[in-house]
Amino acid sequence: MNRLIVRLTGAVQGVGFRPFVYRIAMELGLNGYVLNDTHGVIVEVEGNDKSLESFVLKLNTEKPPLARIFSQDLSYRESAGYKSFEIKESKGDGSKDVLILPDISICDDCLNELFDISDRRYLYPFINCINCGPRFTIIENLPYDRDNTTMKDFVMCPDCLREYKDPLNRRFHAQPNACPVCGPSVSLYNNRGSLIADGEDALHILIDEIKKGSIAAIKGIGGFHLVCDAENEDAVTLLRKRKRRQEKPFAVMFHSIEGVKGYAFLSTIEEALLISPERPIVLVSRKNSKLAKSVAPELNKIGAFLPYAPLHHIILRKLNIPLVATSGNISDEPIVKDDKEALQRLSLFSDFILIHNRPIRRRCDDSVVKIIGGFPSLVRRARGYAPTHVRLPFNLKKRALAVGGFYKNTFAIGLNDKVIMSQHIGDLETVDAIEYFEEAVRDICSLYDFKPDVIVHDLHPGYETTKWALAQTGIEKIGVQHHFAHILSCMAENGIEGNVLGVAWDGTGYGNDGTLWGGEFLHCDYKDYKRISHFKQLRLIGGEKAIREPRRVAIAMLFEIFGEDSLSLDIPVVKSFGKKELHILFNAWRNGINSPYSSSAGRLFDGLASFLDIRHVNNYEGQAAMMIEDRYDFNIKDSYDFTIKDGVIDWTTIFLSVLNDKRKDRIPSMFINTLAEIILHIAKSAGLQRVCLSGGVFQNDPLTQRVIELLSPDFRVFAHKRIPPNDGCICIGQAVFAGNK
Ligand code: ZN
Ligand code: ZN
Ligand code: FE
């Protein structure tokens with residue numbers, strides 16, 4: 001008789017792990033106990049060696065579907081004489097590094113019950129079980145127990161309690177377990193704050209109103225959505241007008257995967273992503289359909305997703321039409337999550353507001369996935385994925401709090417061999433957004449009981465995150481160059497050790513010489529980088545304004561190529577400015593007035609869009625570049641000539657060809673192919689076998705595809721998959737750098 005002690009870490013809490021252990025212990029006739037603590041799960045079992053061996057085997061081969069074991073520590077002791085097998089109460093002390101699960105969409109079992117008229121949870125919007133439901137957004141503290149969630153105030157009815165206590169039930173220790181008798185419920189309000197109806201009546205009225213063209217705010221898992229009939233042009237236009245969001249595409253929620261297929265072409269992988277338990281928004285190619293034009297003006301792609309909360313399923317099934325479902329927020333501010341805030345703020349945009357009384361502990365936007373270079377790639381990482389971590393090929397020497405960048409902010413905490421990344425926080429452009437960042441940092445640090453040894457930030461002195469980091473006292477602080485952080489995050493995500501050629505192309509980032517970078521080739525290891533090549537700098541006339549107006553980039557390019565002669569050129573970009581304005585711009589350019597230098601690759605896409613008369617002023621970030629991407633033709637393999645001198649890539653050579661190319665249709669493809677050829681050329685001369693791509697420019701699928709095509713098999717190309725290529729990945733690189741010092 002021997003006693004086996006097993007310590008497991010990983011995603012082992014809130015996934016039905018303890019009942020599973022109970023079941024296999026019963027099967028093998030073993031006594032002992034199983035217990036959750038703040039690191040994971042502890043099991044002690046006693047029996048003969050043969051049955052203990054079978055126990056370990058079953059533990060690994062028969063584990064519940066959502067469980068992930070990252071480490072398993074086995075030790076043997078003398079028998080303690082256990083008389084039975086018990087599931088013990090959780091222990092809540094010590095440091096907290098257990099994995100918190102993300103919010104998981106409703107499972108098939110619950111979905112069947114939801115629409116089964118004989119089930120006691122028929123049409124109950126908060127049905128869940130151990131295999132599905134909210135996690136990250138309802139947890140207040142660890143360990144993950146009902147008392148530590150926003151469900152703590154709901155007292156389970158006898159039926160729910162029986163399920164919760166039965167190790168063989170699917171709802172055993174399903175912390176958000178609830179039913180119509182004891183659980184949360186919905187209420188519908190109008191935009192003047194008056195209660196219209198509760199429960200089922202609320203849903204009936206809401207559904208009728210949406211059919212009639214009303215706009216509604218609906219509370220979901222990580223915040224509110226604003227929704228309306230996606231086929232009703234008037235409703236969508238009204239939503240745009242109210243939200244003051246002119247052209248930025250809206251996501252569309254479809255009632256089923258078959259539903260999506262009527263509106264979009266789906267590859268096998270896209271279909272798999274749409275139905276995955278994470279339920280992200282997937283960017284897919286649209287078909288000609290009844291979808292309102294204003295859902296995604298002038299774009300070939302739409303953001304499609306499927307219902308993930310039972311509440312969505314009930315509404316979508318009844319409606320049987322696709323719904324615009326966009327984040328419930330005021331332009332760039334954080335998504336609204338609280339009922340009171342929704343009734344105040346979202347009543348400006350919506351006719352009706354559907355709330356419910358299960359509080360959302362922390363905001364979490366919908367995640368967005370796009371197929372890039374043949375692989376699913378998260379471009380916004382939030383619900384369904386946060387707070388899962390990135391595992392490193394080494395141990396960090398220091399516990400690092402990495403505050404990330406400014407745009408598409410995320411932050412991270414790094415400890416041991418993992419970096420836990422926050423949910424998408426967003427652009428830190430408003431007071432509310434900055435507050436959200438600060439609140440989220442406090443939240444994640446306290447949730448994991450995390451006390452950093454070092455705070456890591458960007459070099460940009462103007463970033464809110466840098467300012468916040470520098471304001472913290474009594475702790476070491478380290479700054480990491482933006483594009484180096486991009487490449488470090490790509491290396492870490494892909495588990496690379498040794499030297500790489502990093503290609504960091506984005507819109508903007510602060511260089512170590514005080515100019516704006518963004519078209520960089522860096523020779524990197526985990527300790528240091530060397531800038532070996534970059535695009536020739538161009539002036540951003542008007543600074544920030546040039547980032548919003550591609551035509552300002554184009555005109556600066558013309559000034560660079562033709563000097564003052566550009567003023568009399570008879571082309572659309574020149575004509576988009578007034579005579580007087582042109583002279584002011586030229587003077588600003590010549591004298592460098594509010595016209596910082598930038599080597600950004602992203603800006604080259606802007607300039608091109610303006611030359612092609614596709615887009616002169618961006619309505620939202622990245623619009624011009626997306627429109628260029630849409631015009632790529634995979635049959636065109638040609639490219640333009642380019643010149644590189646002393647590591648500086650001269651874009652004037654490329655743009656002279658562009659301006660002289662009579663075959664306008666092929667220009668976007670030729671341009672993108674040229675960028676890929678440049679990467680090949682520099683990879684050859686750098687003599688490094690591994691090439692890491694990072695930065696928002698690599699959200700461009702044809703570019704990434706073409707790079708992989710050209711560089712394989714001589715080089716190994718690594719891109720982002722689980723973390724965004726855009727500035728949403730900066731925090732990972734920062735944490736890795738500081739933890740390696
Ligand atoms: Zn379920
Ligand atoms: Zn109940
Ligand atoms: Fe960047």
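This is a predicted model: local features need pLDDT of at least 70, side-chain atom pairs count only at pLDDT 80 or more; totals for chains, interfaces and linings use all residues.
Begin at the iron ion (ligand 3): its four donor atoms subtend angles of 91 to 160°, which makes the arrangement irregular.

Residues are numbered from 1 along each chain as its sequence is written, chains are lettered from A and ligands numbered from 1 in the order in which they are written, and side-chain values use heavy atoms, with hydrogens and water left out.

**The iron site**

Select His482 (NE2), His486 (NE2), Asp506 (OD) and Asp727 (OD), which coordinate the iron ion (ligand 3) at 1.9 to 2.2 Å. Donors are N, O and S atoms within 2.8 Å of the metal (3.2 Å for Na, K and Ca); water is not among the atoms, so sites may look incomplete. Along the chain, the donors of the iron ion (ligand 3) have the spacing H-x3-H-x19-D-x220-D. His482 lies in helix H13 (residues 482–493) and Asp506 in strand S24 (residues 500–510), so the pair ties together parts that are 24 residues apart in sequence. Helices (H or I, at least four residues) and strands (E, at least two) are DSSP runs, numbered from the N terminus. His482 is buried at a relative accessible area of 0%, and Asp506 is buried at 2%. Buried means under 20% relative accessible area, exposed over 50%, and partly exposed in between (1.4 Å probe, protein chains only).

**The zinc sites**

Move to the zinc ion (ligand 1) and show Cys107 (SG), Cys110 (SG), Cys129 (SG) and Cys132 (SG), its protein donors at 2.3 to 2.4 Å. Angles of 103 to 120° among the four donor atoms make this arrangement tetrahedral. Cys107 is in the loop between strand S5 (85–87) and helix H3 (108–114), and Cys129 is in the loop between H3 and helix H4 (158–165), 22 residues apart. Cys107 is buried at 14% relative accessibility, and Cys129 is buried at 0%.

Cys160 sits in helix H4 and Cys179 in the loop between H4 and strand S6 (186–190), 19 residues apart. Both Cys160 and Cys179 are buried.

**Rings and charges**

Now display Phe406 and Tyr407, an edge-to-face aromatic pair at 4.9 Å centre to centre with 85° between the planes. Rings of Phe, Tyr and Trp (its six-membered ring) pair if their centres lie within 6.5 Å; planes under 30 degrees apart count as stacked, over 60 as edge-to-face and the rest as tilted. Phe406 is buried at 12% relative accessible area, as is Tyr407 at 19%. Then select Phe605, Phe611, Trp651, Phe655 and Phe671, which ring pairs link into a cluster.

For a charge over a ring (NZ of Lys or CZ of Arg within 6 Å of the ring centre and within 35 degrees of the ring normal), centre on Arg531, which lies over the face of Trp517 at 3.8 Å from the ring centre. Finish at Arg240, whose charged end sits over the ring of Phe250, 4.1 Å from its centre.

Technical notes
Four donors count as tetrahedral if all angles lie between 85 and 135 degrees; four count as square planar and six as octahedral if opposite donors are over 155 degrees apart and all others between 65 and 115; anything else is irregular.
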